[in-house]
There are 2 protein chains.
Amino acid sequence: MDMLFDAVAKRGPVCVGLDTSPACLPPERGRYGSDADAAAAFNRVIIDATRDIAACYKVQIACYEALGIDGLRCYSKTLAYLREQKLLVIADIKRGDIADTAKQYAAAHFSGDFEADFVTLSPYMGMDSIEPWLEWAVSRGKGAFVLMRTSNRGMRDFEYLELAPKPEEDSRRVYDAVGEKLAALAASHCGTRGYGAFGAVVGVNPSPYEREEAARLRARFDGLFFLVPGYGAQGGTALDAAMLLREGNGGVVNASRSILTAWKKEDNADFERAALAARKAAEEMRGALQQAVKN
Amino acid sequence: MDMLFDAVAKRGPVCVGLDTSPACLPPERGRYGSDADAAAAFNRVIIDATRDIAACYKVQIACYEALGIDGLRCYSKTLAYLREQKLLVIADIKRGDIADTAKQYAAAHFSGDFEADFVTLSPYMGMDSIEPWLEWAVSRGKGAFVLMRTSNRGMRDFEYLELAPKPEEDSRRVYDAVGEKLAALAASHCGTRGYGAFGAVVGVNPSPYEREEAARLRARFDGLFFLVPGYGAQGGTALDAAMLLREGNGGVVNASRSILTAWKKEDNADFERAALAARKAAEEMRGALQQAVKN
């Protein structure tokens with residue numbers, strides 16, 4: 001997590017989400033052999049246009065799985081390009097399975113065709129589904145973000161459920177229990193910048209009540225680096241997101257559609273103009289976050 | 001879920017798990033161009049040898065993702081072979097993401113290169129991560145099994161947490177809350193055999209305490225078809241598993257390693273002898289389950 005901290009210190013907390021489904025591509029995509037080829041080429045121009053603004057990139061594997069084997073070849077190409085360029089990449093895969101299976105997944109996503117620097121994980125099955133990934137953090141400097149409190153409407157179904165209180169303890173929710181286990185893991189694998197190899201996914205939810213909660217979460221889980229979804233197209237503001245950072249670091253804020261499809265506001269955009277529009281959107285987002293951090 | 005009910009009625013409740021990592025393959029694998037090619041060929045002989053004993057097959061995608069693009073090509077081939085043969089297949093993918101992403105995943109795993117009949121899903125992010133898959137149940141007869149109470153040690157970390165009691169209500173755990181939401185969904189999408197299109201993953205855990213719990217779960221969630229992991233190599237007995245069925249139906253019991261690697265008890269097994277050993281292991285398992293159902 002040290003590398004990501006340093007990238008945020010240098011370039012700000014924007015994470016560019018490459019959720020490149022065919023609907024995100026300008027009409028020029030028709031020039032390519034397939035949607036997957038077009039997506040790989042589009043990702044490349046977006047990366048080139050935003051590399052001095054983005055702390056890191058997040059690649060949503062579902063958009064590529066939907067295109068089958070061809071899509072996963074494009075996914076692999078995009079990861080390889082990012083890693084060749086020494087840019088940091090989070091594979092948004094939200095895997096979570098028993099230990100033996102987690103080992104297979106970790107090999108899949110921390111080496112070979114699909115090698116990424118970070119992954120996202122789902123905690124439902126418990127810590128033995130998380131721990132096998134940690135060996136890679138130790139041996140290869142990899143990291144992970146575990147779902148804790150997400151930004152979607154459905155988060156209230158299970159993440160938000162209130163737990164039976166223990167004596168002399170404040171009320172806790174399911175996501176608090178996840179955070180506590182992650183904090184213990186982070187404390188035992190803490191980097192030189194004060195964050196554990198495994199951070200948490202904590203989304204922005206624009207409501208006054210949830211701002212208080214965000215402040216509480218940020219203060220309580222100070223050893224967890226946050227991956228923050230929900231900004232932009234999903235409704236979160238710069239102020240909501242800034243509350244989940246610590247003086248502008250300690251987290252990255254992801255935006256996908258608002259950057260990738262910024263070209264839709266223009267007439268007749270091709271890949272080149274889409275890249276410029278993406279750059280402008282990422283710059284504005286970074287400016288808004290930095291302004292919000294100051295306030 | 002009607003098709004799966006009928007398959008269990010006809011052939012018994014065994015689900016053969018094709019978690020075909022290279023370590024499962026007999027030495028003959030060296031004759032193939034790659035581990036992925038060997039795995040695809042091995043899956044085929046295992047399927048041919050067990051098709052009149054197995055209710056269905058479960059393919060653990062992690063074992064294939066670990067071999068990169070080649071592995072996923074093998075995964076795709078195995079799914080295609082099963083579907084050509086009109087055999088039912090569960091893609092064990094445990095996906096769980098926001099609604100827009102869930103739509104992409106559903107397209108990925110219910111059509112195209114990775115088309116399966118059923119998938120496994122993770123509920124952590126809530127019901128809006130589950131519901132998009134349901135459209136495919138209605139339009140294409142697909143189904144899903146959502147993680148509820150799994151069979152691994154870590155299940156106690158979050159699935160088992162006790163929830164704050166509501167007035168006049170028995171104590172409930174996180175997995176009860178998941179089961180309740182699934183039961184409501186199942187009631188609104190119930191097939192002609194009495195089960196919803198979406199069932200639950202409920203694992204066997206061999207302890208007397210958990211047998212009581214299994215009986216309670218089976219009685220309470222009678223509209224949910226169960227996918228039961230944990231049998232065999234993971235320690236669950238036929239009696240534990242039978243308690244999660246309803247008169248021998250209403251669920252399938254998965255075994256992977258104990259079937260795939262039954263050849264390891266023999267000397268010099270090749271693919272053909274491995275297939276016979278797998279058949280014998282599957283037959284014994286079916287016999288043990290049918291015996292346990294009677295008791």
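Helices here are DSSP runs of H or I with at least four residues, strands are runs of E with at least two, and both are numbered from the N terminus. By that count, chain A has eleven helices and eight strands. Keep in mind that this is a predicted model: local features need pLDDT of at least 70, side-chain atom pairs count only at pLDDT 80 or more, and totals for chains, interfaces and linings use all residues. Residues are numbered from 1 along each chain as its sequence is written, while chains are lettered from A and ligands numbered from 1 in the order in which they are written.

Let's start with the overall build of chain A. Its C-alpha atoms fill a box of roughly 65 × 45 × 35 Å along the principal axes. A compact globule of 295 residues would have a radius of gyration near 19 Å (over C-alpha atoms, 2.2 Å times the number of residues to the power 0.38), and chain A agrees, with 19 Å.

Now for the strands of chain A. They form a closed barrel of eight, β1-β2-β3-β4-β5-β6-β7-β8, with parallel pairing; two strands pair if DSSP finds at least two bridges between them. On average, neighbouring strands in this sheet are turned by 30° against each other, direction ignored. Zoom in on β6 (residues 198–202) and β7 (residues 226–228) of chain A: they run parallel and are joined by two bridges. A:Ala200 has A:Phe226 in β7(A) as its bridge partner.

Next, hop over to chain B and helix α7 (residues 174–188). Among the buried residues of α7(B) are B:Val174, B:Tyr175, B:Leu182 and B:Leu185. The buried residues of this helix pack against β5 (143–149) and β6 (198–202) of chain B, together with α7 (174–188) of chain A.

That brings us to where the chains meet. The contact takes 51 residues from chain B and 51 residues from chain A, with two residues in contact if their C-beta atoms, placed from the backbone, lie within 7 Å. On the side of chain B that touches chain A, α3 (61–65), α4 (68–84), α5 (99–110) and α7 of chain B each give two or more residues. α5(B) gives the most, six residues.

Terms used. A residue is buried if 20 or more other C-beta atoms lie within 10 Å of its own, exposed if 12 or fewer, and partly exposed in between; C-beta atoms are placed from the backbone. Axes are lines fitted to C-alpha atoms, for helices over the stretch in contact, and angles run from 0 to 180 degrees between N-to-C directions.
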